[in-house]
Number of protein chains: 2
Amino acid sequence: MLKCEQECVSFLGSVQLVRIFKVQPIDLTDELNSMEESKETQNHISQRFNAELRALHHQVLGMGGLVEEQLSNAIVALTNQDEQLARRVYTSDYKVNALEVLIDDECTRILVRRQPTASDLRLVMSVIKIINDLERIGDESERIARMALQVHSDPKARFFSLIQHLGGHVQQMVHDALDSFARLDVDTALQVIREDRKVNDEYESIVRQLITYMMEDSRTIPTVINILWVARSLERIGDHARNVCEYLIYYVKGQDIRHTSMQNIEEQAKSG
Amino acid sequence: MLKCEQECVSFLGSVQLVRIFKVQPIDLTDELNSMEESKETQNHISQRFNAELRALHHQVLGMGGLVEEQLSNAIVALTNQDEQLARRVYTSDYKVNALEVLIDDECTRILVRRQPTASDLRLVMSVIKIINDLERIGDESERIARMALQVHSDPKARFFSLIQHLGGHVQQMVHDALDSFARLDVDTALQVIREDRKVNDEYESIVRQLITYMMEDSRTIPTVINILWVARSLERIGDHARNVCEYLIYYVKGQDIRHTSMQNIEEQAKSG
């Protein structure tokens, strides 16, 4: 190598060094700033995403509150033969349906925009399923209200007091299911799942009792059949409340406990 | 600048030029190759994704086939008082449940791995909802089978022939709903939705007829109540078949037609 070339290489080295020691610090600052900005942007995105998930959770609770009110009004309308209240439930069902469509849309939007994973995705998946069960609780409440409209002037409607206890039991299940979802509380969810068995037993007992009434006095048959439908609706509402709790446990624990025995559910919930 | 420094800069320039003219063409080839590979990789990914979506569609149809078989066997078991067949339906329900959990898992996996959008996302969302309705058709079929087990030695079970026509009607609805999903056929889906109204009317008429039987002869009450439950299950299965069609229309047309009047549904389906 010529001396000049050696000097050139040396100069080249010093240029590189200058670049390292003089220019790079500036570049690094830029980079750090840009990293800071990108971190900030990410923080913003992450905050916005969290806010969206919180809003989604909140919307489900709003829909749950409306459904609870529909159920409570339907039972009162039936047992008090309150035609006006029954009509209010009947004409408010569209609100529950509209909320289902709205929250479903929000879930799709979150899936497209945020591409959630892990527990965020589980929340969205649970919400998609929970609102379906809430909508069906709304449907059953509307059915009970329609029954109340049919029987509001039926003197035998005193029979409807028979389902008052079952109605209260199921209302409590729906309330607790929504409460467990609000507080992400697996213990309450497990309690609701346990209650479903009791509701089913109570329902079976009411059906047997109603059949006896019909056999004793055939004039009661048309009214008693209506009570049977109401009892069936209440039993189904219990199933839907149980489903809500199963999806809540899936969200919190990441375990799909549908179609599982109570013993297995409790073991899985403890181990998660 | 010293002469030596000038030479150095010139050398530095020529090094850069050499880099531009000698090295870059090689880099470009690499880049083109890598772009080709990335295109190929993307093609592979897209092909695999399409295969996954086809497999998902296929799995739903498999679950649908099983549910159809369960429903058909339950109705035959009931009307022919075939205890063995009823037991088979009763003990096969776990297969439907297992398929629901499996397909649900597959949907979650696709959402995480593929982050689908547009019609791909609509397919996944529809599948999540359709399998829920299929599982409930399976549940209702199991309920009918349990009824068949209860009444297999009941001499009054001849009454069960009363629900044979309704049973056939509902079976056809489920079959057509699955067929419309298999062929992504909106016209068949609309036809099933229209049939649901007829099934509801037939169900109402059966209920009135059954009440008359009970009032005429109170000894028939326990058997007739069982027929009422079966009729109710069939009516619900019709609702689930209708839901499957609504989700299919959402997938194909991108329109959410739940909670919409038949007239609006037809207009939306035509305009989409």
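**Exercise 1. How one helix of chain B lies against two others**

In which hand of crossing does α4(B) pass α6(B)? Work out the arrangement of α4(B) and α6(B), and then that of α4(B) and α5(B).

*Solution.* The structure is a predicted model, in which local features need pLDDT of at least 70 and side-chain atom pairs count only at pLDDT 80 or more, while totals for chains, interfaces and linings use all residues. Residues are numbered from 1 along each chain as its sequence is written, and chains are lettered from A and ligands numbered from 1 in the order in which they are written.

Step 1. The helices named here are DSSP runs of H or I with at least four residues, strands are runs of E with at least two, and both are numbered from the N terminus. Axes are lines fitted to C-alpha atoms, for helices over the stretch in contact, and angles run from 0 to 180 degrees between N-to-C directions.

Step 2. The axes of α4(B) and helix α6 (residues 221-253) of chain B come within 9 Å and cross at roughly 15°. α4(B) and α6(B) are therefore roughly parallel to each other, given that angles under 35 degrees count as roughly parallel, over 145 as roughly antiparallel, 65 to 115 as roughly perpendicular and the rest as oblique.

Step 3. The crossing of α4(B) past α6(B) is left-handed, a term used if the near helix is turned anticlockwise from the far one by less than a right angle, with right-handed used if clockwise. Among the residues that make the contact are B:Gly167, B:Val174 and B:Phe181 of α4(B), together with B:Leu234, B:Gly238 and B:Cys245 of α6(B); two residues are in contact if their C-beta atoms, placed from the backbone, lie within 7 Å.

Step 4. Helix α4 (residues 164-183) of chain B also packs with helix α5 (residues 186-216) of chain B, at an angle of about 165° and with the axes 10 Å apart. α4(B) and α5(B) are therefore roughly antiparallel to each other, and here too α4(B) passes in a left-handed crossing. The residues in this contact include B:His169, B:Asp176 and B:Asp179 of α4(B), and B:Gln191, B:Glu195 and B:Tyr203 of α5(B).

**Exercise 2. The faces of α4(A)**

Which residues of α4(A) are buried, and which are exposed on the other side?

*Solution.* Step 1. Helix α4 (residues 164-183) of chain A, with 20 residues, reaches 28 Å from its first C-alpha to its last, close to the 28 Å expected at 1.5 Å a residue; the expected span is 1.5 Å times one less than the number of residues.

Step 1. The buried residues of α4(A) are A:Leu166, A:Gly167, A:Val170, A:Met173, A:Val174, A:Ala177, A:Leu178, A:Ser180 and A:Phe181. Seen down the helix axis, these buried residues fall within an arc of 160°, so they line one face of the helix, the arc being that of the directions from the helix axis to the C-beta atoms. On the other side, A:His165 and A:Arg183 are exposed.

Step 2. α4(A) is followed by A:Leu184, whose phi is positive, near 50°. Most residues other than glycine have a negative phi. A:Leu184 lies in the loop between α4 and α5 (186-216) of chain A, and it is partly exposed, with 14 other C-beta atoms within 10 Å.

**Exercise 3. A residue of α1 in chain A**

Is A:Val67 buried or exposed?

*Solution.* Step 1. A:Val67 is found in helix α1 (residues 3-79) of chain A, and it counts as buried because 29 C-beta neighbours lie inside 10 Å.

Step 1. Not counting residues up to four places away in sequence, A:Val67 touches A:Val96, A:Leu134, A:Ile137 and A:Gly138.

Methods: A residue is buried if 20 or more other C-beta atoms lie within 10 Å of its own, exposed if 12 or fewer, and partly exposed in between; C-beta atoms are placed from the backbone.
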